[in-house]
2 protein chains.
Amino acid sequence: MLPPTIDAIRAADVRIRPYALRTPLIESPRLNDRLGGRVFLKLETLQRVGAFKFRGAYNKISQIDKARHPGGVVASSSGNHAQGVADASALMGLPAIIVMPSDAPPLKIARTKALGAEVVLYDRAREDRDAIAERLRAERGAVMVHPFDDPDIIAGQGTAGLEIAEQLAAAGATPDFLIAPCSGGGLLSGLAIAIHSGFPDCQVISAEPEEFDDMARSLVSGKREKNARKSGSICDALMSEMPGNITFEACTNENVRGVAVSEAEVRAAVRYAFEELKLVVEPGGAVAFAAMLAGKVPVAGRTAVVVLSGGNIDPKLFTEILAGRPS
Amino acid sequence: MLPPTIDAIRAADVRIRPYALRTPLIESPRLNDRLGGRVFLKLETLQRVGAFKFRGAYNKISQIDKARHPGGVVASSSGNHAQGVADASALMGLPAIIVMPSDAPPLKIARTKALGAEVVLYDRAREDRDAIAERLRAERGAVMVHPFDDPDIIAGQGTAGLEIAEQLAAAGATPDFLIAPCSGGGLLSGLAIAIHSGFPDCQVISAEPEEFDDMARSLVSGKREKNARKSGSICDALMSEMPGNITFEACTNENVRGVAVSEAEVRAAVRYAFEELKLVVEPGGAVAFAAMLAGKVPVAGRTAVVVLSGGNIDPKLFTEILAGRPS
């Protein structure tokens, strides 16, 4: 399958608009002073379910024929896609089963259940997530909702990029850079296609945790690379093993490049967001901001957009990060 | 002196616009579902210095004749007005001396100094803040910047109300209620005058901590009432002893009424803002939201605006509130 077109993203925007929030794009004078450039922050932390994932999930699930699929949907997710799928399914009156790793953050498991989904836990080390999900899908006659490698999911995430383009135009700003967190690449792909429709010269940058920078390495090598590690990042939302087929093609087409950040840089970004921005950002949602703060985007004298993509963090981990303690 | 007119607030808006942020007005579907109404949140936590106070301070300080007052400004504040004055003075190239209680939150003292102000601490129990400030003002030939009882301060804070009115109009919404935190009443007065220019039937509500509800009691009795207690609220930003002359007149004219919230209700609101909204709100900035969550505003089937007025909270207190522990 091919990446979505800008028209598909526009159609997704019409579909999700009654339910998705148009999230703010803000500036911080102190942040601008610190970086010597103009930085806009897209607050997807304020989106439904506390992350951008509702956009893609609703775009996909709202197109399901309920008569053909009374069993609803099945999805695999470590937490934010889970909540997006659960929320979108509830709005559509469809059942949702979510296959989640047993080491997913307790907060994310609890929130997914609270949104009405059935959660099936599996052991990341011993069990095959995809086999479990496929068995459930077949048993129930349900539709599989992939977290990223699906044109409808990518188109939904891309609606955040349409909003950014409109909000920048209203502010009279032209972005030199757009940087966002990347796991499988659904958000990045959608953002890149959308922003380039309005700002073709904007350099789109994928931010990943060190050792989980499969997208960055794939974009350099020209083929999809895998991560050696499968778990253990503080960025629980960003542990996909490799880019998707469609997302890798989209990011290649859009000339995306990648950067990686250390865990210490992520923690510093979560702290800065609390102290200076008064925003709650989860580690995986803060990697792009971390790259910006760490000087990995040459923003001095330029204009950049940073996506804060999620804010679902357990209070215990948040407390440890604020205190500067290891978790 | 008289309260500012709507034209004075519009003039303030022109004055502050190059520097103040137009803060987002957001909705949360989960919050709306919980309360059974439509609730807009005005995020003054995202304003410069992390609180609305920059608006009034800049409106006042930008009008000072630097040639006549090379000594700059003097202000008394427990923390947020301090930062607003320090930031506005720095922008204007004027020195600022801030008289702060020695038990002010360390974060607020540190941030005020970081903005370039000279901080003079006093002992709340033994020393006369106003005498100290007046001595400094006279010595330096400086201008006193009152935290609330000044038409220019009130007009500046009122610019938040102009933004709310515009943002509501863009959303096609008509507010039944506007509720905001109240200490001396500067924000409340400005908001009430501004919102009534666009929505004359909107009931404006002052929210205060229990035992510090001088405005609520004054509005009932028809004369300015004092609080018996002078310290000890978790809402460090809301401990003014009594309403100002001008703010009391403005709130009376605008038919404001008052509600009070308990410390437990404030803590629950700070926690909810973290968990569900992904926002950092300080206790004093959360009292209006606390009143809303506690059912003290009859929002079911109606539309309300809640101002989250500040987010400057020490990480230690924030951590204790998230954990549900007493401080």
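A salt bridge here pairs a side-chain nitrogen of Lys or Arg with a carboxyl oxygen of Asp or Glu within 4 Å. By that rule, the count between chain A and chain B is 2 salt bridges. Please keep in mind that this is a predicted model.

In one salt bridge, the side chain of A:Arg111 meets that of B:Glu276, at 3.5 Å from N to O. Polar contacts across the interface of chain A and chain B come to 8 residue pairs. On the side of chain A that touches chain B, at least two residues each come from strand 1 (25-27), helix 2 (29-35), helix 11 (263-277) and helix 13 (315-323). That side is made up of 15 nonpolar, 5 polar and 7 charged residues.

How many residues of chain A are in contact with chain B? There are 27, and they touch 27 residues of chain B. Together the two chains bury about 2,300 Å², with 68% of this area coming from carbon and sulfur atoms. Within the share that chain A buries against chain B, A:Phe274, A:Lys278 and A:Val280 supply 27%, more than any other three residues.

Now for the backbone. Most residues other than glycine have a negative phi.

A:Asn255 sits in the loop between helix 10 (245-253) and strand 9 (257-261).

Note on methods
Residues are numbered from 1 along each chain as its sequence is written. Chains are lettered from A and ligands numbered from 1 in the order in which they are written. This is a predicted model: local features need pLDDT of at least 70, side-chain atom pairs count only at pLDDT 80 or more; totals for chains, interfaces and linings use all residues. Side-chain values use heavy atoms; hydrogens and water are left out. Helices (H or I, at least four residues) and strands (E, at least two) are DSSP runs, numbered from the N terminus. Contact means heavy atoms within 4.5 Å. Buried area is the accessible area (1.4 Å probe) that two parts lose on being put together, summed over both. A polar contact is a pair of N or O atoms within 3.5 Å; within protein, one must be able to donate a hydrogen and the other to accept it, and residues adjacent in sequence count only if both atoms are side-chain atoms. Ala, Val, Leu, Ile, Met, Phe, Trp, Tyr, Cys and Pro count as nonpolar, Asp, Glu, Lys and Arg as charged, and the others, Gly among them, as polar.
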